[in-house]
Amino acid sequence: MYDVIIIGAGPAGITASLYTQRGNLKTLVLYNEKSGLEKAEHIENYYGFENGISGEALYKIGIEQAKNIGVDVIKEEVTKVENNIDYFKIVTPRGEYTSKVLILSTGNKKNKPKIKGIEKFEGKGVSYCTICDGFFFRNRSISVIGSGNYAVSETNELINIANDITILTNGEKAPEIRADNVNIDTKKIEEIIGENKVEGVKFKDGTEIQTDGIFIAQGVAGSADFAKKLGIITNKDNIVVNANMETNVKGIFACGDCTGGLLQVSKAVYEGAKAGLEAIKYIRKNNK
Amino acid sequence: MAVLKITQENFEEEVSKSNIPVIIDFYADWCGPCKMMSPIIDNIAEELGESVKVGKVNIDDNKNLAMQFGIMSIPTVIIFKEGKAEKTFVGLRDKEEILNGLK
Ligand SMILES: Cc1cc2nc3c(=O)[nH]c(=O)nc-3n(C[C@H](O)[C@H](O)[C@H](O)COP(=O)(O)OP(=O)(O)OC[C@H]3O[C@@H](n4cnc5c(N)ncnc54)[C@H](O)[C@@H]3O)c2cc1C
């Protein structure tokens, strides 16, 4: 078991890991691919680089810096997080990891697909939380919108509950998944249809399918997706934290762009440092 | 005010006929995020005193109520005014958002 698992290897997550590792906590950082930082072509407003630096270079240096002091930094996409009260379980397509503390630093990613009807039917058949709402669709026909590892993970959560599941990739390539009651449809979606609740999906080509419920699992899961399942309070999909970077869930901290506010490297670094230090205190205090 | 346990049996009396606003939290015991909503609801009940009623509905024990209000996602919080569902919050919310819904 790790003391600390950090999801995200941007400035926030890596900085947190520098503190926790140096505080003698066994630390794992999981990251996936793109960070906000890599998209920043040239950063000129961050301390210490006389000619500025590209976001991509800064991202890579950060990861090497953490590895050099002994942090395990592994490239694996997190698809699921479970709170088992005295430890957290973090699931990737390759396996599982456990930790005493979890730090979310997945950046400023908003996953909600722009499809007509999604907002209208939230709570009326459109759901973001398989573990909260799967039950409502026992033995029914449901759909999952998404096409990546996250969509596959969410489909697996629902496989034993629903009668049948259709993965709607909305024009993206079909993921690999084999199960008797799972179909995949790659057509582009026009809108979600229904009277008072979800009744079906209409595609751009004019065809329709019937469905009783739709679970959203587009792209790579971000902190807001994890938050919904862990019971972390969010505000406009930003994680709500106090001045110690603590969320409302014991043992879970968040830092960087995922907490909203100023979306800049310097703020991510500060919050990462604070989250790391508070994680150390938390583990010492709870004698974990 | 105490947080009331609302059931199919007392819904009419406590909610439909109430002359003050009623905040109802629809939850289930197996729903993790619902456990985080619960203390927020308790806190609201404490803070607002006698000006509103606050209650919780266990959707497993009260399937008819869950059906009646089309609950397909939990936690869901509904604010009732004069017996009518005025505002619905789907998913975990903080205290401020729910209090704003009362205005
Ligand atoms: C075009 C552009 C230009 C910018 N220019 C500047 C600038 O000039 N100056 C400045 O200060 N800031 C700039 N920024 C903002 C800056 O990049 C961010 O504020 C900063 O990167 C935030 O750091 P972070 O650690 O919170 O998140 P990120 O750097 O976004 O890192 C997120 C990490 O989370 C990982 N992740 C996400 N989901 C998962 C998952 N499910 N499983 C595993 N890993 C996951 C990602 O792989 C990544 O490692 C710019 C941003 C953009 C997009």
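In this predicted model, A:Lys228 lies over the face of A:Tyr128, at a distance of 4.7 Å from the ring centre. A further placement of this kind involves A:Lys187, whose charged end sits over the ring of A:Phe203, 4.7 Å from the centre of that ring.

Contacts between aromatic rings were examined next. A pair of aromatic rings is described by the distance of the centres and the angle of the planes. Over all chains, the structure holds ten aromatic pairs. One of them joins A:Tyr31 and A:Tyr59, whose ring centres are 6.3 Å apart and whose planes stand at 80°, so that the pair is edge-to-face. Because A:Tyr31 belongs to strand β2 (residues 27-31) of chain A and A:Tyr59 to helix α3 (residues 55-68) of chain A, the pair ties together parts that are 28 residues apart in sequence. A:Tyr31 counts as buried, at 15% relative accessibility, and A:Tyr59 is likewise buried, with a relative accessible area of 6%.

In chain B, the aromatic pair formed by B:Phe26 and B:Phe69 is tilted, with 6.1 Å from centre to centre and 50° between the planes. B:Phe26 is found in strand β2 (residues 22-27) of chain B, whereas B:Phe69 is in the loop between α3 (63-68) and β4 (76-81) of chain B, and the pair therefore ties together parts that are 43 residues apart in sequence. Both B:Phe26 and B:Phe69 are buried, and these two residues form one aromatic cluster together with B:Phe11 and B:Phe80.

The remaining features concern a sheet of chain A. Strands of a sheet pair through backbone hydrogen bonds, either parallel or antiparallel. In chain A, five strands in the order β7-β14-β8-β9-β10 form an open sheet, and their pairing is parallel. The pairing of β7(A) with strand β14 (residues 213-216) of chain A runs in the parallel sense over two bridges, and A:Val126 has A:Ile214 as its bridge partner in β14(A). Helix α5 (residues 149-158) of chain A packs on this sheet, where the helix touches β8 (141-145), β9 (164-168), β10 and β14 of chain A. The direction of helix α5 makes about 160° with that of β8(A).

Definitions and conventions: Residues numbered from 1 in each chain as written. Chains lettered and ligands numbered in written order. Predicted model: local features only at pLDDT ≥ 70, side-chain atom pairs only at ≥ 80, totals over all residues. Heavy atoms only, no water. Phe/Tyr/Trp six-rings, centres within 6.5 Å; stacked < 30°, edge-to-face > 60°. Helix = DSSP H or I, 4+ residues; strand = E, 2+ residues; numbered from the N terminus. Buried < 20%, exposed > 50% of the residue type's maximum accessible area, 1.4 Å probe, protein only. Lys NZ or Arg CZ within 6 Å of the ring centre and 35° of its normal. Pairing = 2+ DSSP bridges. Contact = heavy atoms within 4.5 Å. Axes fitted to C-alpha atoms, helices over the stretch in contact; angles between N-to-C directions.
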